[in-house]
Amino acid sequence: MSRIIAGAAGGLRLASVPGDATRPTTDRVKESLFSKLESYDMLRGARVLDAYAGSGALGCEAASRGASTVLLSDKAPKAVTACRKNAAAVQQALAGSGTISVQQSSARAALNSGTWDVVFIDPPYALENEQIVQDMLAVQPHLAPGAIVVVERASRDEEPAWPVGYHRFALKKHGETVLYYVEPDPESENAAESTEDNSSEDIVESEE
């Protein structure tokens with residue numbers, strides 16, 4: 001069972017999604033992810049979208065650490081049920097300091113539904129990279145200045161080809177999981193030519 005690691009709801013146990021259709025982010029990966037976001041001061045007062053929410057663990061962690069509004073979105077009924085249970089538990093711990101909403105919808109609909117400072121795109125590993133690219137294009141007009149999109153994928157898979165207007169500035173490998181940290185880069189007209197061109201600026205970390 002997953003838990004909230006830190007913040008107002010730290011230590012709270014979260015409900016899981018029954019079955020094996022979802023792939024929860026491990027606590028080790030989650031701790032690394034949120035430590036990095038906090039090092040950029042990205043969470044306090046942030047508008048956060050958890051687009052493939054599953055149990056809502058990532059969005060709930062963001063709320064516990066100071067995000068002002070969080071949307072948990074998933075199209076699977078069992079996932080939505082878990083999200084609602086977890087959102088209610090975390091919301092109680094927050095004592096009115098933040099708002100967590102749950103929406104049963106496709107990721108694409110959620111990506112288009114607001115303005116976001118932090119977006120988590122953590123789909124099933126079986127989802128093709130092309131769908132990730134389409135998600136990134138869909139959310140692009142809805143990203144606030146300075147926003148970060150975190151994409152979680154299997155480390156054995158190829159890195160997605162980020163669309164024009166994005167720059168992957170860091171990645172962190174955790175065994176079979178890799179986290180890509182991507183930001184809007186509207187001034188870079190040639191961003192789509194090759195991520196390799198900017199490799200000297202990227203932060204690449206690996207943890208076995």
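Biologist: Is R108 buried, partly exposed or exposed, going by its relative accessibility?

Modeller: Buried means under 20% relative accessible area, exposed over 50%, and partly exposed in between, using a 1.4 Å probe and protein chains only. R108 comes out at 30%, so it counts as partly exposed. Mind you, this is a predicted model: local features need pLDDT of at least 70, side-chain atom pairs count only at pLDDT 80 or more, and totals for chains, interfaces and linings use all residues. Residues are numbered from 1 along each chain as its sequence is written, and side-chain values use heavy atoms, leaving out hydrogens and water.

Biologist: Which residue forms a salt bridge with R108?

Modeller: A salt bridge is a side-chain nitrogen of Lys or Arg within 4 Å of a carboxyl oxygen of Asp or Glu. For R108 the partner is D135, with the closest N and O atoms 3.0 Å apart. R108 sits in helix 4 (residues 107–111) and D135 in helix 5 (residues 129–139), so the pair ties together parts 27 residues apart in sequence. D135 is buried, at a relative accessible area of 1%.

Biologist: How many helices and strands does the protein chain have?

Modeller: Helices (H or I, at least four residues) and strands (E, at least two) are DSSP runs, numbered from the N terminus. Here you get 5 helices and 8 strands.

Biologist: What is the salt-bridge partner of D117?

Modeller: That's R47, with the closest N and O atoms 2.9 Å apart. D117 lies in strand 4 (residues 116–121) and R47 in strand 1 (residues 47–50), so this pair links parts 70 residues apart in sequence.
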